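Have the viewer open and follow along.

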Amino acid sequence: DELHRRCSQSFSCGDQTDLFYPFWIPSRVECGHPDFQLQCSERFAEVSISAVKFRILEANSTSRVIRLARLLCCRKSRFLPF
């Protein structure tokens, strides 16, 4: 069906490519798990898990491994890697 076709295609977010479920972006809200919405910028893909923000360093759909860097908020709402 149409939803399966659309959701089985990978997508990009920031510097990450070939992303799939459970992640999603606003244009693909029906294709992901509610807890794994990504925030995309030109350079990064970020996800909030239990109110903690992480930058995705690498997402490998073949090995099903994701590397994250925790972000800490500092002055003037800037984020720095942990």
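In which sense do S4 and S5 pair, and over how many bridges? They pair in the antiparallel sense, over four bridges. Before going further, a word on ground rules: this is a predicted model, where local features need pLDDT of at least 70 and side-chain atom pairs count only at pLDDT 80 or more, while totals for chains, interfaces and linings use all residues. Residues are numbered from 1 along each chain as its sequence is written, and side-chain values use heavy atoms, with hydrogens and water left out.

Now the overall layout. The chain has one helix and seven strands, and from the N terminus on the order reads α-β-β-β-β-β-β-β. Helices (H or I, at least four residues) and strands (E, at least two) are DSSP runs, numbered from the N terminus. Two strands count as paired if DSSP finds at least two bridges between them.

Start with S1 (residues 11-13) and S2 (residues 16-19), which run antiparallel and are joined by two bridges. Phe 11 has Leu 19 of S2 as its bridge partner. Two residues sit between the strands of this hairpin, and Gly 14 takes a positive phi near 60 degrees there. Next along, S3 and S4 also run antiparallel, with three bridges, and the hairpin that joins them goes through four residues. Gln 39 stands opposite Glu 46 in S4.

Buried means under 20% relative accessible area, exposed means over 50%, and partly exposed is in between (1.4 Å probe, protein chains only). By that rule, 24% of the 82 residues of the chain are buried.

The rings come next. A search of the whole structure finds one aromatic pair. Phe 23 and Phe 36 have ring centres 5.8 Å apart and planes at 90 degrees, so the pair is edge-to-face. For the cut-offs, rings of Phe, Tyr and Trp (its six-membered ring) pair if their centres lie within 6.5 Å, with planes under 30 degrees apart counted as stacked, over 60 as edge-to-face and the rest as tilted. Phe 23 counts as buried because its relative accessible area is 12%, whereas Phe 36, at 24%, counts as partly exposed. Pro 22, in the loop between S2 and S3, touches Gly 32, His 33 and Phe 36, not counting residues up to four places away in sequence. Pro 22 and Gly 32 are ten residues apart in sequence, yet their C-alphas are 4.6 Å apart in space.

Which strand holds Arg 55? Arg 55 is in S5, and it counts as buried because its relative accessible area is 14%. Its side chain makes a polar contact of 3.3 Å with that of Glu 46. Polar contacts are pairs of N or O atoms within 3.5 Å; within protein, one must be able to donate a hydrogen and the other to accept it, and residues adjacent in sequence count only if both atoms are side-chain atoms. Arg 55 also lies over the face of Phe 44, at 3.5 Å from the ring centre; the test is NZ of Lys or CZ of Arg within 6 Å of the ring centre and within 35 degrees of the ring normal.

Gln 16, in S2, is buried too, with a relative accessible area of 7%. Its side chain makes a polar contact with the side chain of Asp 15 (3.4 Å) and reaches the backbone oxygen of Ile 56 at 3.4 Å.

Note on methods. Contact = heavy atoms within 4.5 Å.
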